[in-house]
Every structure is written in structure tokens, then in C-alpha cells.
Amino acid sequence: MTTYLTTGCAGFIGTTFVHYMLSRYTDIRIINLDALTYAGNLENLKDLEDDPRHIFVHGNICDKELVAKLIADYDPDYIINFAAESHVDRSIANPEIFVTTNVMGTVNLLQRAKEAWYDAGQKTWKSGKKYVQVSTDEVYGALGAEGFFTETTPINPHSPYSSSKASADHFVKAFHDTYGMPVNITRCSNNYGHFQFPEKLIPLMINNAKNHKQLPVYGDGMQIRDWLYVEDHCKAIDMVATAGRVGEVYNIGGHNERPNIFIVKTIIHQLSERLHDPEINEGLIKHVEDRLGHDRRYGIDPSKIKADLGWYPETTFEVGIVKTIDWYLDNQEWMERVTSGEYQKYYAEMYKNR
Ligand code: NAD
Ligand code: TYD
């Protein structure tokens, strides 16, 4: 039996990873450590309540005793760190928690894993162990009109979020370079799909459009993101964990670049057609004040992961966006629950001066 200690898997990507892995493999178990911040939602994993292969632990990745105990009790083969503060806008408003979770939390996981897996006298590591850091293309900074991020593109983050992720990546690399820790880092482009919290672009626009609310497009809306369907990302993480060359970084993306305004218009037209609702139209778009330090373009060159592991993104944007919109329409109660209470306060605060 293979044991995974995963973190942050009550959030968007982690939820999909747990479902993906448990539907694909029988002989595994996943210990899922999550602090259940605003972004974590156990409802996403409700269908696994009676599945003994999924063990949820409510706790913080910064908790030294807890992380040490989980590693001692379950002896995981893999530690995969998804847990993070993940929203750029929140990082601009309040950077400190990004350092605590994304940097200190990562170092705590690395240090506890090292204590359990490393024989300092022999300078050897227990065999079959690996630490995987789920990172982001945002650590590379922004691109102009030409070129793509490769694994050798210099790290040049701009936002507090991407700076904290870049710092965490450097610590992962340091544990590999200094102690020989078996690690991989994955750097992924923007994900979309089911269970994404509606403060990120796609679910926010779906929710607002459905409710005939304004669609706040930052600046001219010509910022470009390289959109990846979340299940394709999870497949890549599985492949990197089991077959990635130790110490390597893998970029994950798919030449699927779209300007934000294109995404918003696609959502409007798909929703209007599906709901037969002419009030969902481009008149809802409102160009609002731009995000501070807004990165203009991200674009990934995924040729290394294709060459090494045979991974490629299987879901085209045209297919993925329709699946995503349909999921949100079929799960309106989920959306209503996550957008009640705190979300309303967040929305009022974040968009009031825009
Ligand atoms: P998310 O915000 O939806 O979920 C984060 C999860 O981490 C939540 O369940 C939250 O409760 C948990 N968490 C936060 N702080 C914690 C702590 N201190 N201890 C334990 N758990 C904690 O994020 P996501 O979109 O699922 O992203 C997952 C990872 O992928 C992150 O590391 C993010 O940087 C990275 N990533 C995301 C994207 C994207 O488009 N969403 C793209 C590239 C990389
Ligand atoms: P987001 O989903 O926050 O992801 P990231 O900042 O990691 O790329 O934003 C995606 C893009 O959409 C980004 O260029 C900012 C833009 N955006 C808007 O124009 N309006 C919004 O209300 C939001 C949340 C994002």
C-alpha cells in the first residue's frame, strides 16, 4: 500500500487530486492535513466519508508536533504540499499570512520530513520517499508578448503571493541541494474546474453572471493566463510524484492562453444560452481599477514534462469550460453555501473601491 500525506486537499486542486487518486488506485491511502481556512471545504470530500483510504486531519502545516506525529504514525511514502494561501488579491491586502503558511509551513514540512527520513550519520535517505511541492508559474514573473516560461527561466516574482511561493520553492531546492532530499517542484499555470472557490476569476464570473451582477474586469482585460483543466493538473502531479526525476522542476501547462476578457465573454455566452436568459449579456461587464502590479502574461512551455513523463493536457479549453459551467449550474446549492456569510464581507471589501 502506498501512503500519501497531502496538505490542503480540502481546497480546489487538492479536492480533485484526492478524487482522482482514489478513483484510479485501490491500494493507496491519503492522509489529508488541512486547516480549513475560508478556502477549505470538507463538503467537497463528503462522498469519501466512509472510504477508509481517505483520512482527514484538521490541522495546520505550521504545527511542528502534529506534522511530526503524522509522519511517525503513518510513515508516508510521499508528502505532497498543496496547502497555501493562494489568492493574489488577498496577498496584496494582507501579505503576512502568505509568509506564515506558504514559507514557514513549507519549511516545517521539509524539516519534519528530514527528521523522519534522513540518517545524518550515514548521510542517507530512507528509500522510496519523496517530497513534492505544488508551486506556480507566477514565480517566474510576467512575460511580454513573446516566449514562454521554461524550468530555467529566472525566478522573478512580483506579487506577495508569488514571492512567498518562490521563497518556498527555494527552500525545497535548498533541502535537495544541501541534504540530498528527494524532492520535485511542479509549477503550474492557472487551473479551472469544479470546486474552485468563487473569488477566482472563472467561478466568480459564473456566479455573478448567473445572478445578473456586474462582472468586474480588472483594467483592460487583456491580461493573458494559460488555463489548465484541474484534472489534467492532478494527473501531472501523480506522474511527477511517481516517475519525476529526483530534484527536478516540472512546468505544467498547455499552450492554452486566453485574455481575461475572452474568458468572461465565453462565460456570458455559454450561460446565456444554457439558461435561455438574455439578461446575461456583455452589458454586465464593468472595467474596474486594475490589480496593483498586475502580471500581464503567463505562458508555460510544457515540453520537459512531455518528454520525461509523457504528460500533456488532455482537456481542451472549449471542452473544459463547458464542463465547468455545467458543474456550477448543477451545484448551485454548493455555490450558495460558500458565498453566504464571510464571502459577502470579502466581496464588499475587495470590490468597494474598484
Ligand atoms: P485553495 O486556496 O483553493 O486551497 C488551499 C487549501 O489549503 C485550503 O483547503 C486551505 O484550507 C488549506 N490551507 C491554507 N492554509 C493552510 C495551513 N496553514 N495549513 C493547512 N492547510 C491550509 O488553493 P488551490 O487553488 O487548490 O491551490 C493549491 C496549490 O496549488 C497552492 O499551493 C497554489 O499555490 C498552487 N497553484 C494553484 C493554481 C490555481 O490556479 N489555483 C495554479 C498554480 C499553482
Ligand atoms: P485569479 O483567478 O485571481 O488568478 P491569478 O491572479 O492567479 O492569475 O485571476 C485571473 C485573472 O483574472 C487575473 O489576471 C486577474 C483577473 N481578474 C479580474 O479581471 N477580475 C476579477 O474579479 C478577478 C478575481 C480576477
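## Basis of the model

The model is predicted, so that local features need pLDDT of at least 70 and side-chain atom pairs count only at pLDDT 80 or more, while totals for chains, interfaces and linings use all residues. Residues are numbered from 1 along each chain as its sequence is written, chains are lettered from A and ligands numbered from 1 in the order in which they are written, and side-chain values use heavy atoms, with hydrogens and water left out.

## Overall build

The chain has 12 helices and 15 strands, where helices (H or I, at least four residues) and strands (E, at least two) are DSSP runs numbered from the N terminus. Its radius of gyration of 20 Å agrees with the value near 20 Å for a compact globule of 354 residues, the radius being taken over C-alpha atoms and the globule rule being 2.2 Å times the number of residues to the power 0.38. Along the principal axes, the C-alpha atoms fill a box of roughly 70 × 45 × 40 Å.

Of the 354 residues, 55% are buried, a term that means under 20% relative accessible area, with exposed meaning over 50% and partly exposed in between (1.4 Å probe, protein chains only). Among contacts (heavy atoms within 4.5 Å) with a separation of 6 or more, 82% join residues 24 or more positions apart. The accessible surface comes to about 15,000 Å², and 52% of this belongs to carbon and sulfur atoms; the areas come from the Shrake-Rupley method with a 1.4 Å probe, and for residues only the protein chains shown count as cover.

The buried residues of α5 include Y161, S164, A168, V172 and F175, and its buried residues pack against α3 (88–93), α4 (96–117), β7 (130–136) and β8 (183–188). Just after α5, G180 takes a positive phi of about 80 degrees.

F98 is placed in helix α4 and, at 1% relative accessibility, counts as buried. The C-alpha atoms of F98 and Y161 are separated by 6.4 Å, although these residues are 63 residues apart along the chain. Leaving aside neighbours within four places in sequence, F98 is in contact with E85, S86, H87, R90, S91, V103, Y161 and S164.

## Loop residues

Most residues other than glycine have a negative phi. F195, in the loop between β9 (191–192) and α6 (201–210), has a positive phi near 70 degrees and is buried, with a relative accessible area of 14%. H276, found in the loop between α8 (260–275) and β15 (285–288), has a positive phi near 50 degrees, but H276 counts as exposed at 69% relative accessibility.

Y38 lies in the loop between β2 (28–34) and β3 (54–58) and is partly exposed, with a relative accessible area of 27%. Not counting residues up to four places away in sequence, Y38 touches E85, H87, R90, F197 and E199. Y38 and F195 are 157 residues apart in sequence, and their C-alpha atoms are 13 Å apart in space.
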